Amino acid sequence: MPGPHSHRSRGRRFAAVLALSGVIGAVVLVLLATTRDQRPQLARAAHTTIADSGATGPRAAASSAAAARVASTTSRRTIRAETNRRAALRLAREQRARTDEHVFPIRGRHDRGRYETNDFGGGRGHQGQDMFAGCGTPLVAALGGVVKRAGTEGAGGNYVVIAGKDRHDYVYMHLAEPPPVRRGQRVDSGQRIGHVGDSGNADGCHLHFEVWTAPGWYTGGEPIDTAKLLAAWDAAT
C-alpha cells in the first residue's frame with residue numbers, strides 16, 4: 001500500500017507536469033503574437049495560464065520565472081524585427097520620392113527669362129523657355145527617366161531629350177559640350193547631364209528647356225508652357 005511519501009512524490013510530479021505545460025503554453029502564445037498591441041495581452045494571458053495551472057512550490061515558481069524570461073526575450077526580438085522592417089520600408093519610400101520628384105534644372109545663379117521672346121510662344125512660336133546662367137553652370141535632369149536622344153544638331157546645338165517617368169519628354173538645348181549621357185541610359189532626378197552653354201543658334205549662354213506631352217518630342221506630342229512649373233521647381237529647389 002503506498003505511503004504518504006509516495007502520494008507526495010506523485011503530487012510533485014503532477015505539479016511539475018502542469019508547470020511545464022504552462023511554460024510551453026506561454027512560449028507558444030508569445031510566438032503567435034503578430035502585432036505590438038497583442039503582445040502585452042498575450043504575455044499577461046501566459047502568466048495567467050501558469051498561475052491557473054495549479055502548480056505550487058519552488059519548481060512552479062522557477063518555471064514561471066523562466067516562462068516570463070522567454071516571453072520577454074521573444075517579445076523584444078519581435079519588436080526589434082518589426083521596427084527594422086518598418087525603417088527599411090520608410091527608407092525605400094523616401095528614396096522613391098527623391099527619385100520621382102522634379103527639380104530645377106540649373107544648379108547655380110540664373111534667371112528664368114529676360115524678355116518676352118524668352119518665354120513659351122514669345123510672339124514667335126517659341127516652344128520652350130530660355131533661362132540664362134553663366135557659361136559652364138551645371139545642368140541636371142528635372143525628372144528622372146531614360147535618355148531618348150543625346151547629341152548635337154544645328155539650331156539646338158548640344159542637346160539631350162529624356163523620356164521622363166511621367167510620360168513627358170524633357171528637352172535641354174545649347175549645352176556647352178556634347179552631353180555625358182547616351183541614348184537608352186537611365187538617369188535620376190538631379191543627375192548631372194551637362195553645363196549651360198551657347199552651342200547652336202544661341203545668343204548668350206542659356207538653357208532652352210522644353211516639356212512635351214506623350215508620345216513625345218516630335219513624335220506626336222505637344223509642347224507645353226513650363227513657366228509656372230519652373231517657378232515652382234525653382235522655389236522648391
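This is a predicted model: local features need pLDDT of at least 70, side-chain atom pairs count only at pLDDT 80 or more; totals for chains, interfaces and linings use all residues.
Trainee: Where do Cys135 and Cys205 lie?

Mentor: Cys135 lies in the loop between β2 and β3 (138-140). Cys205 lies in the loop between β8 (192-195) and β9 (206-212). The pair therefore ties together parts that are 70 residues apart in sequence.

Trainee: Is Cys205 buried or exposed?

Mentor: Compare the relative accessible area with the cut-offs. Buried means under 20%, and exposed means over 50%. Cys205 has 10%, so Cys205 is buried. Cys135 has 59%, so Cys135 is exposed.

Trainee: Now the charged pairs. How many salt bridges does the structure hold?

Mentor: The structure holds 2 salt bridges. In one, the side chains of Asp169 and Lys148 meet at 2.7 Å, N to O. Asp169 sits in strand β6 (residues 169-175) and Lys148 in strand β4 (residues 145-153), so the pair ties together parts 21 residues apart in sequence.

Trainee: What is the relative accessible area of Asp169?

Mentor: Check each partner separately. Asp169 has a relative accessible area of 3%, so Asp169 is buried. Lys148 is at 26%, so Lys148 counts as partly exposed.

Trainee: Which side chain meets Arg112 in a salt bridge?

Mentor: That of Asp234, at 2.8 Å, N to O. This pair links distant parts of the chain, 122 residues apart. Arg112 is in the loop between β1 (110-111) and β2 (129-133), while Asp234 is in helix α4 (residues 227-236). Arg112 has 36% relative accessibility and counts as partly exposed.

Trainee: Let me step back to the whole chain. How many helices and strands are there?

Mentor: Count the elements, then read their order. There are 4 helices and 9 strands. Along the sequence the pattern is α-α-α-β-β-β-β-β-β-β-β-β-α.

Trainee: What share of the 237 residues is buried?

Mentor: Buried residues make up 35%. For the surface, look at area and atom type. The chain exposes about 13600 Å², and carbon and sulfur atoms supply 54% of it.

Trainee: What share of the contacts with a separation of 6 or more comes from residues 24 or more positions apart?

Mentor: Such residues account for 60% of those contacts.

Methods: Residues are numbered from 1 along each chain as its sequence is written. Side-chain values use heavy atoms; hydrogens and water are left out. A salt bridge is a side-chain nitrogen of Lys or Arg within 4 Å of a carboxyl oxygen of Asp or Glu. Helices (H or I, at least four residues) and strands (E, at least two) are DSSP runs, numbered from the N terminus. Buried means under 20% relative accessible area, exposed over 50%, partly exposed in between (1.4 Å probe, protein chains only). Contact means heavy atoms within 4.5 Å. Accessible areas come from the Shrake-Rupley method with a 1.4 Å probe; for residues, only the protein chains shown count as cover.
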